[in-house]
Amino acid sequence: MKTLFLAAALLLATAASAQTVQINGAGATFPNPIYTKWIDQYHKTHPNTEINYQSIGSGGGIRQLSAGTVFFGASDGPMTNDQILAAGFRIIHLPTVLGGVVPIYNLPEVKAELRFPGKVLADIYLGKITRWNDPAIQAANPGVNLPNSEITVVHRSDGSGTSYIWCDFLSKVSPEYRKTVGVATSVNWPAGVGAKGNEGVSGLVKQTPASIGYVEMIYALQNKMAYGSVQNLAGEFVRASTETVSNAATEAVKNMPKDFRVSIANAPGHNVYPISSFTWLLLQQSPRDVVRSRMMADFVRWALTDGQQYAAQLGYAPLPKEVVAMEMEALKQVKQ
């Protein structure tokens, strides 16, 4: 009888261990390409872990995590103290990769790569610069024959971490932009038309002549869209790349706060792309579901180590090893 009982218990344990556990998350579109890759690769060696990520924008991810409708969130703009307080539970921010937001444009007649001072981008999004041959754009692009076309400004219509990064940079280079628009995942845009997600902005710019928008670099690369170089704090016009985005994190790594909520927009240094940012996974520190928490923590450890090899091929910069080491310690705070 004892043998039969042990055998039955073993069968139940085996069945339980073989059961697939689904973990739902939602948030930023900025890292969606690499999160999709990570989830697919991780599932190949961990078939019992079924991670479902909805690319709905950072604002949506924060709201759904706070409401408890998803197990984890994702954002390109760190949560504010008020947002964390409103959620009612402790939330840990964990950087996953670095990325750059680029100004994309649709000017088929212009073959040269355009150069954008930060203040020019701010004035375009403030509605102060309305034509492509404006003297301020022309001054940054001598010798380029710019059309007298009216600029169609495209921005995000949803709560967006990409917008947060864009506004963070523009607010640092333009006091008027900071005062008028400010920095948030959702802002009141003075000009332009909205589109949902990085996918929506890139799609609208692609089909609208004389338009300008902003997207995470991978979306510009995947859609084969022209994007400009941006003037950094050192006065250099720098094109976004995994190298120049990595350079933006150099100073931040030296003074990384323990909660990882840091801005690297308009960072100092040579060959630094100025519209760069970490992107964060948002985890509950003490969730009720310890099984899912343990499985999610294991996935994050894999993403921070083995998963980093996929970053460059998808247009992201891998995390500095110093940041990864800090995150491994931070993960110990998560109930698992």
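Student: Which helix and which strand each supply at least two residues of the lining of the largest pocket?

Tutor: Helix 4 (81–87) and strand 4 (91–105) do. Helices (H or I, at least four residues) and strands (E, at least two) are DSSP runs, numbered from the N terminus. This is a predicted model, with local features needing pLDDT of at least 70 and side-chain atom pairs pLDDT 80 or more, while totals for chains, interfaces and linings use all residues. Residues are numbered from 1 along each chain as its sequence is written, and side-chain values use heavy atoms, without hydrogens or water.

Student: How many lining residues come from strand 4?

Tutor: Three, the largest share. In total 13 residues line this pocket, with Arg 90, Ile 91, Ile 92, Asp 259 and Gln 285 nearest its centre. A pocket here is an open set of points on a 1 Å grid over the protein atoms alone, where a 1.4 Å probe fits, with protein on both sides within 12 Å along at least five of seven lines; lining residues have an atom within 4 Å of a point.

Student: What is its volume?

Tutor: The largest pocket holds about 250 Å³, counted as the space filled by probe spheres set on the grid points, which are joined across faces, edges and corners.

Student: How many bridges join strand 4 to strand 11?

Tutor: Nine, and the two run antiparallel; Gly 99 sits opposite Ser 277 in strand 11. Strand 3 (residues 72–75) also pairs with strand 11 in the antiparallel sense, over four bridges, and there Ser 75 faces Trp 280. Pairing takes at least two DSSP bridges between two strands.

Student: Where does pLDDT stay under 50?

Tutor: Over residues 4–17, which have one contact beyond four places in sequence; contact means heavy atoms within 4.5 Å. pLDDT is the predictor's confidence in each residue, from 0 to 100. The chain averages 93, and 95% of the residues score at least 70.
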